[in-house]
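Please look over the model below.

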Amino acid sequence: MTITPDGLLLYCGALVILFLTPGPVWVAIIARGLTGGFSGAWPLAVGVSVGDMVWPLAAIFGLSGIVSVYAGFMDAMRWVAVAIFVLMGWLLIRHADRPIPQDSRLTRPGRWAGFAAGVAAILGNPKAILFYMGILPGFFDLRTITVPDIAAILAVSVAIPLTGNLIFALTVGRVRSVLSSPAALRRLNLTAGVLLLVVGGAIALM
């Protein structure tokens with residue numbers, strides 16, 4: 001493997017922060033959990049994990065050709081990642097009181113509907129696209145990446161959000177009360193915003 005443990009650990013931290021940032025997947029899990037319990041919410045979590053495999057692969061293989069042609073591309077992408085993290089953190093802090101938007105298309109009953117909704121939620125989620133396509137290359141040097149590196153990146157890209165979403169589904173009652181409280185949502189957004197700024201600073205110092 002060419003990626004360092006520190007780089008992989010920092011990437012894992014970024015994945016945790018991405019998961020903690022409220023979005024349509026949160027709302028869909030809450031809605032499905034309230035109507036069908038854990039059995040209604042886990043297919044959506046599995047569907048989301050499919051997208052969490054697609055986007056890293058798209059980023060790695062889609063950008064590898066560019067990297068081989070432009071020597072300074074990786075340095076540029078590292079600063080793009082810094083800028084994105086800082087911008088996302090600043091926007092979360094600025095709009096900490098904003099409620100999470102709801103999308104009824106993500107809450108149709110049935111296991112297959114839940115799975116499909118999870119895939120759609122992650123493949124069409126601008127936050128996920130921005131993270132994987134714009135930020136992932138800032139963590140790893142795509143010029144030297146190997147098959148074991150790709151396997152490690154995919155493993156954590158799937159395992160962390162999937163674990164978080166499944167725990168989320170199990171505790172949907174408590175999560176619902178948190179998200180229904182403007183004060184709690186504001187604290188969550190402020191915390192996630194500060195953490196995003198910290199990760200951006202860490203990438204800048206790598």
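Predicted model: local features only at pLDDT ≥ 70, side-chain atom pairs only at ≥ 80, totals over all residues.

Residues are numbered from 1 along each chain as its sequence is written, and side-chain values use heavy atoms, with hydrogens and water left out.

Q: Why is phenylalanine 131 called buried?
A: Buried means under 20% relative accessible area, exposed over 50%, and partly exposed in between (1.4 Å probe, protein chains only). Phenylalanine 131 has a relative accessible area of 1%, so it is buried. Phenylalanine 131 lies in helix H5 (residues 126–139); helices are DSSP runs of H or I with at least four residues, numbered from the N terminus.

Q: What makes serine 49 buried?
A: Its relative accessible area is 9%, therefore serine 49 counts as buried. Serine 49 belongs to helix H2 (residues 24–69).

Q: How do you know which residues serine 49 is in contact with, beyond its neighbours within four places in sequence?
A: Contact means heavy atoms within 4.5 Å. By that criterion serine 49 is in contact with Val158 and Leu162, sequence neighbours within four places aside.

Q: What makes a set of residues a nonpolar core?
A: The members are buried Ala, Val, Leu, Ile, Met, Phe, Trp, Tyr and Cys residues joined through side-chain atoms within 4.5 Å. The largest such core here has 38 residues, of which Tyr11, Phe131, Tyr132, Phe140 and Ile153 touch the most other members. H2 supplies the largest share of this core, ten residues.

Conventions
Helix = DSSP H or I, 4+ residues; strand = E, 2+ residues; numbered from the N terminus.
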